[in-house]
Amino acid sequence: MKAIRSMFFALAALVLLASAVGCQPGQATGPATVRVLTMEQAGPTVDEMNAIVDAFNKANPNIKVEIEYVSYDALHDKITTAMSSTPPSYDVFLVDDIWYAEFGKAGYSLDVTDRITQDMRDKIFPAAWDITTVGGKVYGMPWLLDEKYFFYNEDLLKQAGFDAPPATWEELLAQAKVLKDQGIVEYPIVWSWGQYEAAICDWVILLYGNGGSLVDDKGAPAFNNPTGVKTLTWMLQTIDDGYTNPASISYVEEDVRNVFSQGKAAYAVNWNYMYDLVNFNKDESQVTGKIKMALMPAFEGSGVKSASINGSMGFSVAATSPSKDAAWKYIEFLTSESIQNQYSAHLLPIWKTSFEGENLTKLQGYTPANAVTVPMFNEQFPFAHVRPKVAYYPEASKALQLALQEALTKQKSPEQALNDAAAKWVELAK
Amino acid sequence: MKKTLRVILLSGLVLLALLFVYFPVAWLVISSISTRSELLSTPIHWIPQHPTFQNYINILLPTQGTSEVAKTFRITLGNSLLVASSVTLIALVFGSLASYALVRLRFPFRQSTMLGILGTRMIPEISLVIPLYLFATRVGLFNSPAILVITYLSFALPFAIWLMAAFFESIPVELEDAARIDGCNRLETLWRIIMPISSPGLVSTGLFVFLSAWDEFFFALILTSTVSAKTVPVAIAEFTGRYVVDVGGMMTGGVLAAIPPVLLSLIFQRYIVSGLTAGAVKG
Amino acid sequence: MQRKRTLAQQDALVAFLLILPSLLIILGISLQPIVSTLYLSLFEAQRGINVQNVFVGLANYAALLNDPVFWVTIQRTMYFTVVSVGLELVLGLAIAQLIHSHPPGWQFLRTSLIIPWAVPTIVNGTMWRWIYNADYGALNGLLLQLGIIDKYIPWLTKPNVAMNLVILADIWHSVPFIALILQAALATLPADLEEAASVDGATAVQRFLLIRLPLLRPAILVALIVRTVEAFRAFDIIYVITNGGPAYGTVTISYLTYLEMFSFGHIGRGSALSFLISLFTLAMAFVYIRVLYRPEETL
């Protein structure tokens, strides 16, 4: 009996404890709270982002901004879960450009078209607006601009007798043949063709560089037309010929960086982040001092000079947030010219003027890497393409990833694989 | 001669088992003290030529410039310890009580209760995330260790009950009959006789519950948002940026995360003693 | 005057009280989500605010059961589960036996076994992904130095090989659980039965097969159920090592569910998928119980 009695007490204590913890103090009246969800290692450091929040809070005593950080992989799931509660757990969140259509349709991001002034439209890169605009409506402020670049190992090229990087993919293969035959490097180029979004990014670069496109002007899939099939066949051929590292089929961006840093590849395609690490960081790379960037090649006869992929991010206001105006005020502050210029050591600004005159000099001078990447950004960004802004993009992308994988692992012909993916896109669009 | 041969053979097998365990662990430790540049060397540097303890310093003695995740790693270790220990303690207490009842006592619906408890575990956790999230926000338990403890308990209890049941079942009924004859009631038998004998089972079950809570990622990710409640798996995931994977940091985190469970098992391993039953029945 | 209870009633009351706390916690937390999942599985429910859910009855289930991708994935998951758990059981039993016979170093081995189990799954997956890497991996490095291969191999680009390598990573992480459970069970076994049999002239093998193994049956049953449920729902390790590739070659049913529910936002379909998974794991548990569960086995 004693035991049973003590158990009841324990249970009662537990219930009391739970209810005590569960008691939520009433909402205090006072400053409007704006809760921000963003990513670690995105642009400015955590300390810098916190400093920006402090500056905003000081300048706006009736708004209190609180900021939280998660990893990129978790960001999407955190946002969608947070939006299921009322009010949502976050008022402002970072959005990857491939999620904009999805979040717009789901009603997560606030339509801010009316809050965008003409001044903002004019002063910000048009390609930056591509990120946050879906069907003519703007759903957020662009914030972190990025695209894929073409890197090459100058030292390896020189060993093969080449003084200049290739301007076309055909030229690259010709150079690669020499590099391979002379035993300088076994697999001259490494790609991120694994079953990840990274493969779609590389696909966009090659497809558009061949004069093709993912969708036509009506939004129907166009990647399975003869140009698309030709491009995928080309990819497969480079593996068979031994120019593309065969492990590319399982690789993602970091693997590309690793292989390139080993000196086991002469060419690589990757995002901005890679340059500083491979060329200046001895702890990270064995090929420091040898790496250069060039305009992304394209295919001969395609009528295209270059093509890259726009992989940027923006900040949005939660459509169901009770503090929309305060939230938008913070976003305006965060993305303003002055703040962006102040913290542009780790973040390429969205304002055209940040790349002019004194601002440009300062921007390029921040780090040795910036001296190369900033002009490169200016040169490459006009050629950066966005992926289709459709609400079903995650599922469409997965279908296309599967198609590329099936063709590259020779389970289906390129034509068959692309046609099957196109059929799926049509089905999803219904 | 035969005995020596046997010892040699068994020692060989132990060595083999140790190799199986330690080859990846060795690599784990090596990568935590190597620079990326060295990790990429071919042929492989099994012993790093330029070892660096920077990863450990970042986590154990962070400075202003250290990454956020390294700075807060120790706190998340503490959170994980708190959550996992609480879950283990409660699961062992409530779980063994329930398990004993289900194994030894006769009452209506016994079989179906047993199966029903197991049945609740069949639903994949993924589909429980959103309802649990909404519940947590509604009762104000979001981003608290308490919600993790409660959630993990609901997962751990069914398995703990089933695990303890297996151990209880292997205890001969004669033992309890003997105790009953000596005047103990059900609960006294449970406390004085069964529990001590089942200590190997309790330790193993405790270890299982502890490590399940220790390793859980998805619920911790969704139900916590700041260092006041973040656990180790969530922290380790943050060594991955948009593209950059801080492998060295992650492996270091892994080494450090493995230490508390190993220490705990060392402390409790004396409770896995064999042959306790032998004397009790014979007499 | 307190009415005297029968022994059976007393037992029932005590049982009720002992089970109550656990039941409260389990049902309190899981019941509503489980019911909600079942409910949502009957709707066409796309994630979003102010999205109208459309009642479709069993259409989600029908669509899944008619989808070849679903069945291929189940097949693949079965392969993963059977191979993984099977090997873990064999290895685990062997290691448990080894420890139980107390050879030199057995305590060190038992403590060491915790380490693979204690390393968080994300770290485990990342570690093996590096070990398997085609250009700088330790597996390639080791095999090359031992002369078993003459050049590095891109292991993870071949669907079948990738699946087996993921299984290896999972086995390394999970064998300790089975080994330690079985070792603890061995430690609880009465030694006198085997002593008596050995006196009667039974060989070690006979003792193992006819006495020890049957006595271990409850522990093996539980270990099998726990590991099978876990293996069938493997997600993290696949996400980290291959992300389901190459060409969906390592996509398991849990990964598919994650895609449907979280990546694509098909709440209705994802819920139906979850329920089908529950049915599969329940069925497997039933099979185990049928084959292995003998309640009145004590001698």
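# Meeting the structure: three chains and their contacts

Exposed means over 50% relative accessible area, buried means under 20% and partly exposed lies in between, with a 1.4 Å probe and protein chains only. This is a predicted model, in which local features need pLDDT of at least 70 and side-chain atom pairs count only at pLDDT 80 or more, while totals for chains, interfaces and linings use all residues. Residues are numbered from 1 along each chain as its sequence is written, chains are lettered from A and ligands numbered from 1 in the order in which they are written, and side-chain values use heavy atoms, leaving out hydrogens and water.

**Salt bridges**

- Over all chains, the structure holds 32 salt bridges, each being a side-chain nitrogen of Lys or Arg within 4 Å of a carboxyl oxygen of Asp or Glu.
- Helices here are DSSP runs of H or I with at least four residues, strands are runs of E with at least two, and both are numbered from the N terminus.
- A:Arg115 itself is partly exposed, at 26% relative accessibility.
- Another salt bridge joins C:Lys151 to A:Glu186, whose closest N and O atoms are 3.1 Å apart. The pair crosses between chains, from the loop between helix 7 (138–145) and helix 8 (159–188) of chain C to the loop between helix 8 (169–181) and strand 8 (189–190) of chain A.

- B:Arg36 and A:Glu254 meet through their side chains in a salt bridge of 3.2 Å, N to O. The pair runs from helix 2 (residues 36–39) of chain B to helix 11 of chain A.
- B:Arg36 is buried at 8% relative accessibility, and A:Glu254 is buried at 5%.
- Salt bridges with shared partners link A:Glu254, A:Arg257, A:Glu284 and B:Arg36 into one network.
- Helix 11 of chain A is mostly covered, with nine of its nine residues buried.
- After this helix comes A:Gly263, which has a positive phi near 80 degrees.

**Where chain A meets chain B**

- Contact, meaning heavy atoms within 4.5 Å, takes in 45 residues from chain A and 36 residues from chain B.
- About 3400 Å² is buried between these chains, and carbon and sulfur atoms give 56% of it. Buried area is the accessible area (1.4 Å probe) that two parts lose on being put together, summed over both.
- Four salt bridges are found across this interface. The side chains of B:Lys71 and A:Asp47 meet in a salt bridge at 3.8 Å, N to O.
- The charged end of B:Arg242 sits over the ring of A:Tyr72, 4.5 Å from its centre. For this, NZ of Lys or CZ of Arg must be within 6 Å of the ring centre and within 35 degrees of the ring normal.

**Where chain B meets chain C**

- Here 100 residues of chain B are in contact with 95 residues of chain C.
- The two chains bury about 8900 Å² between them, 77% of it on carbon and sulfur atoms. B:Phe20, B:Met122 and B:Ile126 supply 8% of the area that chain B buries against chain C, more than any other three residues.
- One salt bridge is counted between chain B and chain C. C:Arg233 forms a salt bridge with B:Glu125, with the closest N and O atoms 2.7 Å apart.
- Helix 1 (residues 2–32) of chain B gives the largest share of the side of chain B that touches chain C, with 16 residues.

**Aromatic rings**

- There are 51 aromatic pairs over all chains. Rings of Phe, Tyr and Trp (its six-membered ring) pair if their centres lie within 6.5 Å, and planes under 30 degrees apart count as stacked, over 60 as edge-to-face and the rest as tilted.
- A:Trp271 and B:Tyr243 are stacked, because their ring centres are 5.0 Å apart and their planes are at 10 degrees.
- That pair joins two chains, because A:Trp271 lies in strand 9 (residues 267–271) of chain A and B:Tyr243 in the loop between helix 12 (232–237) and helix 13 (247–268) of chain B. A:Trp271 and B:Tyr243 are both buried.
- Within chain A, one aromatic cluster is formed by A:Phe150, A:Trp169, A:Trp191, A:Trp193, A:Trp234, A:Tyr267 and A:Phe299.
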